[in-house]
Amino acid sequence: MVKVSVVIPVYNVENYLEECLDSIVNQTMKDIEIICVNDGSTDGSLNILNDYAARDERFTVVSQENGGHAVATNRGMSMATGKYLYLMDSDDILKVETALEDTYNIAEEKNLDFVIFQSINYYMDTNKLIKKENYSMNALADFIGDKVFNWRDIKDYIFTITVTPWSKLYNREFIVKSGAKFPEGLVFEDNVFFWEVLFSAERIYFHRQHYFVRRWHSSSFTVSGGPQFKDSIDVMRLVWEVFKKFGVFHEFEDILYHRRIDLGYMRFRLIRDEFKPGYLDALKESFNEIKQESNFDEVFNRLSKRDQAIFNYALESKTPDEYKNIMEDFDSGRLRRMAPRDPNTPIKISIMMPVYNLENYLDRSIGSIISQTLDELELICVNDGSSDNSLKILREFEEKYNFIKVFTQENQGAGPALNRCIGEASGEYIAFLDADDIYVDDTALEKMYNYGIKNNAEIVAGNLKRTNLKGDLMANFNYDVGNYAYCDDYGTMDPKDYGIPWAFYKNIYKKSFLDENNVRFPPFKRGVDPVFLAKALAEASVIYTVPVDLYGYNWSIGGGFNNKLFDYSFKKNHLIAFKSSFDILENAGFSEVAHRFKKEVITYLTHFGNENDLELFNLVHEVFGEDERYFDDYSDEFMLYKVKLILNNINDQKFFVYAKNTLSETPIWENNLLTNSVIREVFVVLSSNSFEEYKLNLHKFIINESSGNELVAAKKIFNPEFEVQGLSSAADSLIDGRNSLNENIASLLENNEKLKLKIYKLTEDNKYLKKEVSELTELNENNNSSTGSKIKKTLKLGK
């Protein structure tokens, strides 16, 4: 049995076929069979195939009357004998020569049903290679990492996977058992095959490498706007049948409705005018079928207004021109925000935006609000004493758009500005958007409002993405570590299950709920968010959840604690906000949430250089009290922070005396988090009588590693009742622990060597990437060379 069967359906691609075949022939994996099915080509494609077959015995060439891509592919699969199956398009290129060998080895090692890898687009009209998310699938890669998975593990990402078969290596026995085939007589047939395979598979792996070049040219049916576009309507119907076959249709019905409606209209726009009448008739038939679904009304009411418009106007329009014109009017309807507003129309959501010196981000941020499909919005902007052009930009927006109100005040900070926003709001619900962040999904506020009003919800929660100034969307690690719950379905959540009081802006809040319970922000410049959300969670009876990405947090501008805490007044406010949040949560019976949130204080104190900050330590005592009871849940962690801070600040006799007195009263020996190095330094402090003696003894300890007897001496100081004579069992245990530590150190050194090897490999990979960038640059800039020679040069990148 050969290792890989490569199946290539071929139809009239003489201009691209040699490059395609060369990319397969030159693969480092030689144990392959190459099955080429000539689907009635009328150009020179068959001659090229026969020429390659005459020179390479791995080729098998068969010819048939033109039956379409699906017929040819199915025939090639039926002829395959390899353990794995690779389905290649005859006008594209498998650019990296190790692609089949790499994916085969991964599949064998991990016992996979199939491997997914990345692709890159080649645009012939501009002669450029461009990576795009639909073929790179970075969102999935970021989420799943190095894990083997099935569809149940990636429910939120299954629609981000490209359906194309040429970005996957399949176990052929798995394909045979699944019964998956391409529906014959249709284009866009990849969709049906993909979903059959995905729902059948139990072991999938994502390999983050761009192995494939997808060629875009004017003769490609996917860009031609030909009559085949009508096939997409039948294909979407078949995709629905696959979801129903596997019993998962209702789990994904909202997005399936959206895709069938939205893609239906998209291809109506792209199909050439002479084919539009027949396409519109088929679209109407499809939409009338959808109306027969058992829960059509319920799902349809959850769809965006645009999806509803696409659907209704298609059924109402008598001609393609009428449909085209009415949808163009609808899509330009965002200009409605520029028209005079009816003062009698109630505001559904008021969006709160405090602004301070963010002139560079306002266009992007407010633009994401303008794009929201919910009509009845207002944006309340409070300019908090900005010294840049923020106010000027806000006034320009206010003059242009009917839904924006701008207020200004002297700089008072986030808390007062947010409270001013809420006071000026007239909406039924309140949403929030920082002026450097964005709303992600244009339909998010509409979906959340509709679900909230339907259930008279006090709080409606959505989801949060990380973003940057380029607009890239990234997974939010807080979900992975359990800081707050992910909204994966329409439903409800106990406020105690929300998580720690972070990311208040991914929710909307009923205005009357906030007013009746006096839920407001503390009057601080920073650190106000957790107090507001803790109060809201404590007062809410239930949280309603909507599976939509509302908020894009712009992490690239800054974030974390110290990036926004410029002086000690801010830091003190931040600590007070922490304490207030703890008190609110604990008084409301959210003890577990408060416990988890306290860990974030420890994280703050033990990171960002704070382990040296005595003034911050004094603020901790000022805010939380000298008895440190707030940290009983994390007493070991807080003690470690305190001991390190004391040791890091012994710089004179006065502080040495304070350190010795404090450390002698601290039950250090009971703390399992203290390392040997910390214990030794504490021993130096306690065994010294002055700052000068401490410096000398510390120098000795740095030069000479502490012995077991020295550690026993340290133990005696910590616990005077400890018996040194003969070394008690506790001392034996101590030395055993020290030996174990040394073994761990040895293991770490070994791991360090492995890390060095990994760094070397990454360095080599970096050299490869630099070479790739160089050659891609040459490819794009060298306008004097022929397209063919440039593509052949690109193929060398995989070597």
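Helix α3 (residues 69–79) has the buried residues A70, A72, T73, N74, G76 and M77. Buried means under 20% relative accessible area, exposed over 50%, and partly exposed in between, with a 1.4 Å probe and protein chains only. Helices (H or I, at least four residues) and strands (E, at least two) are DSSP runs, numbered from the N terminus. The buried residues of α3 pack against the strands β1 (4–10), β2 (32–39), β3 (59–64) and β4 (84–87), and against helix α8 (190–200).

The model is predicted: local features need pLDDT of at least 70, side-chain atom pairs count only at pLDDT 80 or more, and totals for chains, interfaces and linings use all residues. Residues are numbered from 1 along each chain as its sequence is written, and side-chain values use heavy atoms, with hydrogens and water left out.

The secondary structure of the chain comprises 33 helices and 19 strands. The chain has 799 residues, of which 52% count as buried. A contact means heavy atoms within 4.5 Å. Among contacts between residues at least 6 apart in sequence, 77% join residues at least 24 apart. The chain exposes about 36,200 Å², and carbon and sulfur atoms supply 48% of this area. Accessible areas come from the Shrake-Rupley method with a 1.4 Å probe; for residues, only the protein chains shown count as cover.

F624, in helix α26, is buried because its relative accessible area is 4%. Leaving aside residues up to four places away in sequence, F624 touches L575, F578, K579, F582, Y630 and F631. F624 and F578 are 46 residues apart along the chain, and their C-alpha atoms are separated by 9.6 Å. E446 is part of helix α19 (residues 444–455) and counts as buried because its relative accessibility is 4%.

Most residues other than glycine have a negative phi. A503, which is not a glycine, has a positive phi of about 60°. This residue lies in the loop between β17 (491–493) and β18 (507–510), and A503 is buried, with a relative accessible area of 7%. N456 also has a positive phi, near 50°, and lies in the loop between α19 and β15 (459–467).

A search of the whole structure finds 32 salt bridges. A salt bridge is a side-chain nitrogen of Lys or Arg within 4 Å of a carboxyl oxygen of Asp or Glu. In the bridge between K348 and E376, the closest N and O atoms are 3.3 Å apart. K348 lies in the loop between α15 (320–331) and β10 (349–355) and E376 in the loop between α16 (362–370) and β11 (377–384), so the pair ties together parts that are 28 residues apart in sequence. K348 is partly exposed, at 22% relative accessible area, whereas E376 is buried, at 16%. E692 and K695 form a salt bridge (3.5 Å, N to O); both lie in helix α30 (residues 691–703), three residues apart, about one turn of the helix. D234, R237, R260 and E289 are linked in a network of salt bridges.
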